[in-house]
Amino acid sequence: MLTEFQKRKLSLRFYMADTSKDGMVELADFEQQGQKVAELIGIQPGSTEYEKIISTYVANWEIYWKPADADGDNKITVDEYLKSADILIAENTGKKTKLRVNKAFFDSIDLDRDGEITLNEYTIYLKAVGRSEEDAKMAFSKIDTNGDGKLSRDEFATALYDYHASNDPQAPANRFFSLY
Ligand SMILES: [Ca+2]
Ligand SMILES: [Ca+2]
Ligand SMILES: [Ca+2]
Ligand SMILES: [Ca+2]
């Protein structure tokens, strides 16, 4: 069972992902996030690069979010999201599963596809979901655990798992999305 602390934390993340602010997380939110990222880095609609960015955001929806849609209406309510997060945490997945589950999300943020996320790439993502540059800097410093200025797949997946699972209000990974 999720604790009240986890529920509050994950609900904030849910409402951040709901960029259309209609109370549901759906495909359109991810298309919107991809569009915003393209706009922030000056990529024109219709270009190959633009389509690539959108497709990584669509993949993120398909792989991480859509499985939470228990009633199959293509919209995720906060209750559906919390239930699926509860199951994921209870499964206490190993490192391989963490890396697999988080691959699409990592790939959508790693804009130059070099296998590492820089502060700049992370800032673009967080801005696209409504956070500020300062928020991004703070969040990044908490999850770049070896302090080399880049997020490896391993650091990213571990921090994201801890973000979901941790019930310790002091855990650095709580700041993954800068929220709370
Ligand atoms: Ca929405
Ligand atoms: Ca649903
Ligand atoms: Ca990169
Ligand atoms: Ca690092």
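## Helix H5 and its kink

In this predicted model, helix H5 is kinked by about 50°, with the bend centred on Lys103; the bend at a residue is the angle between axes fitted to the seven residues ending there and the seven starting there. Helices here are DSSP runs of H or I with at least four residues, strands are runs of E with at least two, and both are numbered from the N terminus. H5 covers residues 95-109, and its 15 residues should span 21 Å at 1.5 Å a residue, which agrees with the 20 Å between its end C-alpha atoms; the expected span is 1.5 Å times one less than the number of residues.

The buried residues of H5 are Lys98, Asn102, Ala104, Phe105, Phe106, Ser108 and Ile109, where buried means under 20% relative accessible area, exposed means over 50%, and partly exposed lies in between (1.4 Å probe, protein chains only). These buried residues pack against helix H1 (4-17), H3, strand S1 (117-118), helix H6 (119-128), strand S2 (150-151) and H8, with contact taken as heavy atoms within 4.5 Å.

## Basis of the values

Residues are numbered from 1 along each chain as its sequence is written, while chains are lettered from A and ligands numbered from 1 in the order in which they are written. Local features need pLDDT of at least 70 and side-chain atom pairs count only at pLDDT 80 or more, whereas totals for chains, interfaces and linings use all residues, and side-chain values use heavy atoms, with hydrogens and water left out.

## Calcium site

The calcium ion (ligand 1) is coordinated at 2.3 to 2.6 Å by Asp18 (OD), Ser20 (OG), Asp22 (OD), Met24 (O), Glu26 (OE), and Asp29 (OD) and Asp29 (OD). Donors are N, O and S atoms within 2.8 Å of the metal (3.2 Å for Na, K and Ca), and since water is not among the atoms, sites may look incomplete. Along the chain, the donors follow the spacing D-x1-S-x1-D-x1-M-x1-E-x2-D. Asp18 is buried, with a relative accessible area of 2%, whereas Asp22 is partly exposed at 43%.

## Aromatic pairs

A search of the whole structure finds 19 aromatic pairs, counting rings of Phe, Tyr and Trp (its six-membered ring) whose centres lie within 6.5 Å, with planes under 30 degrees apart called stacked, over 60 edge-to-face and the rest tilted. Phe30 and Trp61 form a tilted pair, 5.9 Å centre to centre with 40° between the planes. Phe30 lies in helix H2 and Trp61 in helix H3, so this pair ties together parts that are 31 residues apart in sequence. Phe30 is buried, with a relative accessible area of 2%, and Trp61 is buried, also with 2%.

The rings of Tyr163 and Phe177 have centres 5.0 Å apart and planes at 80°, so the pair is edge-to-face. This pair links distant parts of the chain, 14 residues apart, with Tyr163 in helix H8 (residues 153-165) and Phe177 in the segment after H8. Tyr163 is buried with a relative accessible area of 0%, and Phe177 is buried with 0%. Both belong to one aromatic cluster, which also includes Phe105 and Phe106. Lys9 lies over the face of Tyr163, at 5.3 Å from the ring centre; a charge sits over a ring if NZ of Lys or CZ of Arg is within 6 Å of the centre and within 35 degrees of the ring normal.

## Positive phi angles

Asn74, although not a glycine, has a positive phi of about 65°. Asn74 lies in the loop between H3 and helix H4 (78-91), and is partly exposed, with a relative accessible area of 45%. Ser178, in the segment after H8, has a positive phi near 75° and is buried, with a relative accessible area of 4%.
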